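Please open the structure in your viewer and get ready to select a few things along the way. We will go one stop at a time.

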Amino acid sequence: MLFLVAETNAQAAIESIFNQAENLIGSGEYKQASELYSKGIAQDPENLNAYLRRGFCHSVMKEYDAAIADFGVVIDKHGRDPYSFISRGSAYNKLEKYETAMIDFDKALSLDPENQEAFNNRGWAKNGLGLYKEACEDWKTSKKLGNEEAKIILKNNHCK
């Protein structure tokens, strides 16, 4: 019985850390949120959501290699989450590693064939590789799936 109480207290402490981190993200305090997620991960290294959220913080702070590492942990442990592939691919895009990014976007689309964000971001990877016609096709698909950003991208990139 004492073990169960200790486990419950530890879980409550971890949840408190993650709630604090989310509040910091809401306030735009990404560095502090990232530090809290790191503290939580140290206590519960199997909490994949903590890696996702810390990876998000790293991305916002333009720490793309660290973001890629965090998203990679999630992919290695649970390779069926399209968001992880999209997030890692987006970080690769920021590092201009477009071919690697496309691999992640393709994987995300194999898991979720109508993911508007994956099409949109893969369009940026193709654009970065000089595949302008193919990029426009991805943005058109993203727009058809409801992505508002794709509408702006299509207009600004003169896609026909």
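**Stop 1: the whole chain**

Keep in mind that you are looking at a predicted model. Show the protein as a cartoon and follow it from the N terminus: the elements run α-α-α-α-α-α-α-α-α. That makes nine helices and zero strands. Turn the model around, and you will find that its C-alpha atoms fill a box of roughly 65 × 30 × 25 Å along the principal axes.

What share of the 160 residues counts as buried? The figure is 41%.

Next, colour the charged side chains. There are 20 positive and 24 negative ones, and the centres of the two sets lie 7 Å apart.

**Stop 2: the largest pocket**

Select Ser87, Ser90, Ala91, Lys94 and Asn121. Of the 14 residues that line the largest pocket, these lie nearest its centre. The pocket has a volume of about 330 Å³. Which elements give two or more residues to its lining? They are helix H3 (48–60), helix H4 (64–77), helix H5 (82–94) and helix H7 (116–128).

**Stop 3: Gly55**

Move on to helix H3 and select Gly55 there. Is Gly55 buried or exposed? Its relative accessible area is 0%, so Gly55 counts as buried. Setting aside neighbours within four places in sequence, Gly55 is in contact with Ala67, Asp70 and Phe71.

**Stop 4: Asn147**

For the last stop, go to the loop between helix H8 (132–144) and helix H9 (148–156), where Asn147 has its place. Why does Asn147 count as buried? Its relative accessible area is 9%, and buried means under 20%, so Asn147 falls within the cut-off. Now show what surrounds this residue. Apart from neighbours within four places in sequence, Asn147 is in contact with Gln116, Glu117, Asn120 and Ser142.

**A last look**

Among contacts between residues at least 6 apart in sequence, 40% join residues at least 24 apart.

Terms used
Residues numbered from 1 in each chain as written. Predicted model: local features only at pLDDT ≥ 70, side-chain atom pairs only at ≥ 80, totals over all residues. Heavy atoms only, no water. Helix = DSSP H or I, 4+ residues; strand = E, 2+ residues; numbered from the N terminus. Buried < 20%, exposed > 50% of the residue type's maximum accessible area, 1.4 Å probe, protein only. Contact = heavy atoms within 4.5 Å. Lys, Arg positive; Asp, Glu negative; His and termini not counted. Charge placed at Lys NZ, Arg CZ, Asp CG, Glu CD. 1 Å grid on protein atoms, 1.4 Å probe; cavity = no way out; pocket = protein on both sides within 12 Å on 5 of 7 lines; lining within 4 Å. Points joined across faces, edges and corners; volume = space filled by probe spheres on them.
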